[in-house]
Amino acid sequence: MNLQEVIDKDYEPLIPIFKKNQKDVIVAMEDALSVCNYNEIKFLTHRLRGTANNYGFMQLGKLGSDLDDLTDLEEKEKMYQLLNEMKIYLEKVQITYVEI
């Protein structure tokens, strides 16, 4: 998993809020998965993917895309694994801020 991202310097003050919000989304997806609410997971995954890609967190966006694919297949155990990878990513990602 790629733990390096290059992010627009203008986003720097927003990143702590972004990361907290994405962690909250992951918890909501775990809750939805625990009751097999795949429609809610699809909705939340779409939101996470879009936000992550807009901010430049491409690996998180890819994980979201992978989760979306697994949701179609209702691969519950693999989905839990991906959600865990997302949490690890948000904790360990190294950010380089650049002028864009």
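Tyr38, Ile41, Lys42, Thr45, Leu48, Arg49, Ala52 and Asn53 in helix 2 are in contact with Met58, Leu60, Gly61, Gly64, Ser65, Leu67, Asp68, Thr71 and Asp72 in helix 3. Contact here means heavy atoms within 4.5 Å, and helices are DSSP runs of H or I with at least four residues, numbered from the N terminus. By class, this contact has 7 nonpolar, 6 polar and 4 charged residues. Nonpolar covers Ala, Val, Leu, Ile, Met, Phe, Trp, Tyr, Cys and Pro; charged covers Asp, Glu, Lys and Arg; the others, Gly among them, are polar.

Before I go on, a word on the source. This is a predicted model, in which local features need pLDDT of at least 70 and side-chain atom pairs count only at pLDDT 80 or more, while totals for chains, interfaces and linings use all residues. Residues are numbered from 1 along each chain as its sequence is written, and side-chain values use heavy atoms, with hydrogens and water left out.

Back to the helices. Helix 2 covers residues 38–55 and helix 3 covers residues 58–73; they pack at an angle of about 160°, and their axes are 8 Å apart. The axes are lines fitted to C-alpha atoms over the stretch in contact, and the angle, from 0 to 180 degrees, is between N-to-C directions. Helix 2 and helix 3 are therefore roughly antiparallel, the word for angles over 145 degrees. Their crossing is left-handed, that is, the near helix is turned anticlockwise from the far one by less than a right angle.

Next, helix 1, residues 15–34. Helix 1 packs against helix 2 at an angle of about 160°, with the axes 9 Å apart. That makes helix 1 roughly antiparallel to helix 2. The crossing of helix 1 with helix 2 is left-handed. On the helix 1 side, the contact residues include Phe18, Val25, Met29 and Leu33; on the helix 2 side, they include Ile41, Leu44, Thr45 and Leu48. The contact of helix 1 with helix 2 divides into 14 nonpolar, 3 polar and 2 charged residues.

Is Thr45 buried or exposed? At 0% relative accessibility, Thr45 counts as buried, which means under 20% relative accessible area, with a 1.4 Å probe and protein chains only; exposed is over 50%, and partly exposed is in between. Leaving out residues up to four places away in sequence, Thr45 touches Met29, Gly64, Leu67 and Asp68.

In the loop between helix 1 and helix 2 we find Cys36. Cys36 is partly exposed, at 39% relative accessibility. Its C-alpha atom is 8.3 Å from that of Glu74, which is 38 residues away along the chain.

Last, the rings. The count is 4 aromatic pairs, where rings of Phe, Tyr and Trp (its six-membered ring) pair if their centres lie within 6.5 Å; planes under 30 degrees apart are stacked, over 60 edge-to-face, and the rest tilted. Phe18 and Phe57 are stacked, at 4.6 Å centre to centre with 15° between the planes. Phe18 is in helix 1 and Phe57 in the loop between helix 2 and helix 3, so this pair ties together parts 39 residues apart in sequence. Phe18 is buried at 3% relative accessible area, and Phe57 is buried at 0%. Phe57 also pairs with Tyr89: the centres are 6.5 Å apart and the planes at 85°, so this pair is edge-to-face. Ring pairs link Tyr11, Phe18, Tyr55, Phe57 and Tyr89 into a cluster.

Conventions:
Helix = DSSP H or I, 4+ residues; strand = E, 2+ residues; numbered from the N terminus. Parallel < 35°, antiparallel > 145°, perpendicular 65-115°, else oblique.
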